[in-house]
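Please look over the sequence and the structure shown here, then read the points grouped by topic below.

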Amino acid sequence: MGSDSKELLGIEPLELRFPFETKKQISCSMQLTNRTDDYIAFKVKTTSPKKYCVRPNSGIVPPRSTSDVIVTMQAQREAPADMQCKDKFLVQSVVVTEGTTTKDVTGEMFNKGSGNVVDERKLKVVYVQPPRPPSPVREGSEEGSSPRASLSEGGNLNYQDTQTTRESDEPPLLSATRAHKDAEDVTSDSETSALISRLTEERNSAIQQNNKLLEEMDLVRREISKQNGGFPFVFVVVVALLGILLGYIMKR
């Protein structure tokens, strides 16, 4: 749609300025203003959908009202060369009937091929240095560089739907720490299982030795009974010694 088309939503600012820092999520906001008497549906797209989260990425702006949109850039491992960013955002808007809700907003509404009158505004992404303590020496002024939407610039860019949530919002370092901790937990579980298995084997071995001693003691008792017809003092001593040995094994 040409630059002389009717502007359905006013957008402020026309540049998304992020105070860039590595390994840190950074957010900025834009305000959508509906100065008409119609209900306006909007949808936000970007050329880098995996890099940004937009909340909300679509919705309804009632007549004579505004809607705030938060754009969050995911943590980046390193800064781009010369702090230049080629990412772009596209805000599409279309008139809808009264009573239309955010859940009713679909991508088909913004399909110009279906005959819909769609207003489109493109936004640049600019990286700026994070705030610093006041300095008497002023850095380069950016006065007089007020951005204007240009539909002719980058006309072949591939804009895609933005996301309101991501599979993982954790910075890379936090994700790595969590993965390391999970690995430690698995190792600890394996060591515990090995210890339990070893103790079980020792217990079973002690029980087997105990049963063997009982059988040998019973055999000795029978042999002595056959030879002497009673329980002589030697047998009593043997039984006592076996009892002491059995008690020691059971304690282990």
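Along the sequence, the elements of the protein follow the pattern β-β-β-β-β-β-β-β-β-β-α-α. In total there are 2 helices and 10 strands, where helices (H or I, at least four residues) and strands (E, at least two) are DSSP runs, numbered from the N terminus. This is a predicted model, in which local features need pLDDT of at least 70 and side-chain atom pairs count only at pLDDT 80 or more, whereas totals for chains, interfaces and linings use all residues. Residues are numbered from 1 along each chain as its sequence is written, and side-chain values use heavy atoms, with hydrogens and water left out.

**Overall organisation**

- Of the 252 residues of the protein, 29% count as buried; buried means under 20% relative accessible area, exposed over 50%, and partly exposed in between (1.4 Å probe, protein chains only).
- Among contacts between residues at least 6 apart in sequence, 76% join residues at least 24 apart, a contact being heavy atoms within 4.5 Å.

**Strand pairing**

- Strands β1 and β3 run antiparallel and are joined by 3 bridges; two strands pair if DSSP finds at least two bridges between them.
- Within this topic, Glu12 stands opposite Gln31 in β3.
- Strand β3 also pairs with β7 in the antiparallel sense, over 9 bridges.
- Thr33 stands opposite Thr66, a residue of β7.

**Ile11 in strand β1**

- Ile11 lies in strand β1 and counts as buried, at 11% relative accessibility.
- Leaving out residues up to four places away in sequence, Ile11 touches Met30, Gln31, Leu32, Val91, Arg121 and Leu123.
- Ile11 and Lys122 are 111 residues apart in sequence, and their C-alpha atoms are 9.8 Å apart in space.

**Nonpolar cores**

- The largest nonpolar core has 25 residues, of which Leu16, Phe18, Met30, Tyr52, Val71, Phe89 and Tyr127 touch the most other members.
- A nonpolar core is a set of buried Ala, Val, Leu, Ile, Met, Phe, Trp, Tyr and Cys residues joined through side-chain atoms within 4.5 Å.
- Two or more residues of the largest core come from each of β2 (15-19), β3, β4, β5 (52-55), β7, β8 (88-96) and β9.
- Strand β3 gives the most to this core, with 4 residues.
- Val71 is in contact with Leu16, Phe18, Ile26, Ser27, Cys28, Met30, Tyr52, Cys53, Val54 and Phe89, leaving aside its neighbours within four places in sequence.
- Another core, of 7 residues, lies apart from the largest one and includes Ala41, Ile60, Val94 and Val105.
- In soluble globular proteins, nonpolar side chains tend to be buried together.

**Salt bridges**

- The structure holds 8 salt bridges, each being a side-chain nitrogen of Lys or Arg within 4 Å of a carboxyl oxygen of Asp or Glu.
- One of them joins Glu7 to Arg121, with the closest N and O atoms 3.7 Å apart.
- Glu7 lies in the segment before β1 (10-12) and Arg121 in strand β9 (residues 119-128), so this pair ties together parts that are 114 residues apart in sequence.
- Glu7 is partly exposed, at 42% relative accessibility, whereas Arg121 is buried, with a relative accessible area of 9%.
- A network of salt bridges links Glu7, Asp119 and Arg121.
- Arg64 forms a salt bridge with Asp37, the closest N and O atoms lying 3.1 Å apart.
- This pair links distant parts of the chain, 27 residues apart: Arg64 is in the loop between β6 (58-61) and β7 (65-73), and Asp37 is in the loop between β3 (26-34) and β4 (39-46).
- Arg64 is exposed at 57% relative accessibility, and Asp37 is exposed at 60%.
- Arg17 and Glu15 form a salt bridge whose closest N and O atoms are 3.2 Å apart.
- Arg17 counts as partly exposed at 34% relative accessibility, while Glu15 counts as buried at 17%.

**Cysteines**

- The structure holds 0 disulfides, a disulfide being a pair of cysteine sulfur atoms within 2.5 Å.
- Cys28 is buried, with a relative accessible area of 12%, and Cys85 counts as buried at 15%.

**Annotated region**

- According to an unreviewed UniProt entry, the annotation "coiled-coil region" covers residues 196-223; UniProt positions are given in the numbering used here, feature names are shortened, and annotations may be inferred rather than shown by experiment.
- In the model, the span of residues 196-223 is 100% helix and 0% strand, and its end C-alpha atoms lie 41 Å apart.
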